Amino acid sequence: MMRFAYHAAALRRSVLVLAMVLAFGVMKLPGERALFVQHRQLHFRGVEFNLDLREQLGQLGFIAALSGFRSIVADVLFIQAHVAWERTEWSRVLLLFRQVTTLQPRAILFWDMAAWHMAWNASVAAMNDRTQPRLALRVKAQREYFALGKDFLERGIKNNPEKPQLYETLARLYKEKYKDHASASEFFAKAAALPGAPGYEKRFAAYELSYCEGREREAYQRLRQLYDAGENERLPTLITRLKFLEQKLNIAQDQRIPDEGR
Amino acid sequence: MSNETAAITRHRAFSVARVFAITTNTLTELTRLKVFYVLLIFALLLIGSSIFMARLTFQQEFQILKDVSLGAMSIFTSLLAIVATARLIPQDLEDRTVYTILAKPVPRFEYIVGKLTGVLLLLAISTLVMSAMFLAVLYIREQAVLHETLRQMSAAPREQIDDALRAVRSSALNIDIFPGIVIIYLKACLLAALTLFVSTFATTNIFTIVVMVFIYFIGHLQATAREYWLQEHSTGWITHSFLALVALIFPDLQTFNLVDDIVVGAAIPLGLFAKTAVLGIFYTTIYTLLATFVFYGKEL
């Protein structure tokens with residue numbers, strides 16, 4: 001009888017503890033949710049733990065990422081990607097950078113490096129690939145690597161819309177790889193509009209616009225505005241482009257900028 | 001009034017001095033443990049070795065150094081919190097110390113609070129030692145990179161040199177690292193309180209450690225389960241109830257992983273830091289109260 005009473009009391013106490021834990025769970029829920037929402041607004045917790053990530057990372061990496069060590073896993077994979085790059089194993093570089101950027105989508109550096117490896121390094125390697133005798137296929141491979149670099153940058157911007165660095169890299173990609181000056185100008189301008197952007201972004205946007213057929217007037221106005229902003233902006237490239245546009249647009253002599261040395 | 005009655009009237013329901021005595025004893029006991037030194041030395045070695053890990057560009061190097069060091073701090077403080085707390089009550093029961101203490105007019109609440117405070121002090125000391133090591137390593141690397149930059153750019157204009165040095169400094173130490181370290185400590189405090197709660201009904205410390213390892217993993221997934229549950233996806237009632245249980249029973253440990261974003265340069269708003277800290281303190285307090293409640297009902 002005593003034994004039964006003892007067990008009943010223990011059971012009552014266990015049920016009571018469980019009820020208290022659940023009540024505490026209900027109490028903590030609004031606080032947890034509020035923090036979760038704030039994290040999302042600040043673009044924290046950009047990683048979704050799903051089967052795609054599991055397949056990409058492998059079991060061990062996935063467990064490590066689950067236990068709150070995703071940035072360390074990302075670093076290890078980044079170092080592996082660096083080694084793969086030194087060995088010019090481009091497919092592996094691509095695979096590893098996909099994993100790295102999935103795990104650390106807020107690290108600008110990883111998106112930037114991924115795009116640089118694809119659009120600048122792998123694309124050149126593809127063009128110089130001696131095992132591929134057909135030029136058309138080499139060009140095709142090169143264009144594919146450009147597209148991969150562009151894709152990394154676009155996804156990087158989507159994850160970090162407030163940082164100017166990736167807009168600038170995308171502008172450089174358009175300028176150097178696609179020779180698309182209009183898009184380059186657009187992304188330099190987007191970078192310039194963001195807080196923390198270097199002062200040259202605005203100039204670069206105007207330079208790129210000056211190469212666009214049909215947009216010379218707009219480019220001239222922007223360059224002139226920069227020129228009038230003061231001595232600091234009157235750099236050699238700006239003066240050269242401005243003079244070129246003055247000539248092209250037949251700007252009146254009295255409105256032109258003075259020649260250097262005069 | 002007899003002496004006995006006077007002693008009873010002098011006895012207070014809660015005494016800081018008694019809690020302090022239990023705390024200092026617990027701390028002394030824990031600092032004598034080999035496992036504490038092994039964990040601390042491993043953490044310090046890992047933090048120290050991060051200096052040699054990746055000599056890439058300085059941004060990459062600093063990011064990896066911070067990732068590894070803060071990751072090491074996070075894992076070792078969590079491990080220490082679990083391992084050190086799991087043995088407290090079972091060890092006292094085995095050594096029969098608990099009977100000696102509780103035979104005196106020491107309420108069980110004071111015993112639990114004293115024990116936990118001892119662990120929290122140990123965690124604070126470990127966090128401080130690891131932080132000092134981490135900051136020293138970061139400072140040494142920062143100075144080396146600054147000197148290297150100055151050497152490489154000696155012929156460049158002053159403005160460019162200043163820009164480069166500013167870039168190095170901003171990549172190395174940012175002020176948000178400090179709230180990140182505080183949050184790592186609070187996460188360890190939470191785990192210590194939760195371990196104490198589990199150990200009040202566990203029979204062995206191995207059981208406590210195993211349960212805590214599971215809680216640690218589930219805690220990092222709790223947010224996913226909670227959001228899935230609250231978004232009311234069309235799942236069956238079994239899944240729905242299971243997700244609700246996970247969301248209500250386990251703490252959201254992912255909330256305390258701010259360092260992942262801090263190392264990539266994200267700024268932590270004061271409001272977010274304060275809310276996270278309050279949540280951590282709230283969890284710790286509640287788990288301590290629950291531990292006390294279970295401990296009061298324990299047959300000793």
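Author: This is a predicted model, and the labels are taken one by one below.

Reader: What makes A:K179 exposed?

Author: A count. A:K179 has 10 other C-beta atoms within 10 Å. The cut-off for exposed is 12 or fewer. So A:K179 is called exposed. Its place is in the loop between helix 6 and helix 7 of chain A. A:K179 also has a positive phi, about 55 degrees, although it is not a glycine.

Reader: Why is A:N250 called exposed?

Author: Here 7 other C-beta atoms lie within 10 Å of A:N250. The limit is 12 or fewer, so A:N250 counts as exposed. A:N250 sits in the segment after helix 10 of chain A. Its phi is positive too, near 50 degrees, and A:N250 is not a glycine.

Reader: How do you know that the span of helix 7 of chain A is close to the expected one?

Author: Set the two values side by side. Helix 7 has 12 residues, 181-192. From first C-alpha to last it reaches 16 Å, and 16 Å is expected at 1.5 Å a residue. Its buried residues, among them A:F187 and A:F188, pack against helix 6 and helix 8 of chain A.

Reader: What makes a residue of chain A count as in contact with chain B?

Author: A C-beta atom within 7 Å of one in chain B. By that test, 33 residues of chain A are in contact with 41 residues of chain B. Helix 1 of chain A gives the largest share of chain A's side, 15 residues. By class, that side has 18 nonpolar, eight polar and seven charged residues.

Terms used:
Residues numbered from 1 in each chain as written. Chains lettered and ligands numbered in written order. Predicted model: local features only at pLDDT ≥ 70, side-chain atom pairs only at ≥ 80, totals over all residues. Contact = placed C-beta atoms within 7 Å. Helix = DSSP H or I, 4+ residues; strand = E, 2+ residues; numbered from the N terminus. Nonpolar A, V, L, I, M, F, W, Y, C, P; charged D, E, K, R; others polar. Expected span 1.5 Å × (residues − 1). Buried ≥ 20, exposed ≤ 12 C-beta atoms within 10 Å, placed from the backbone.
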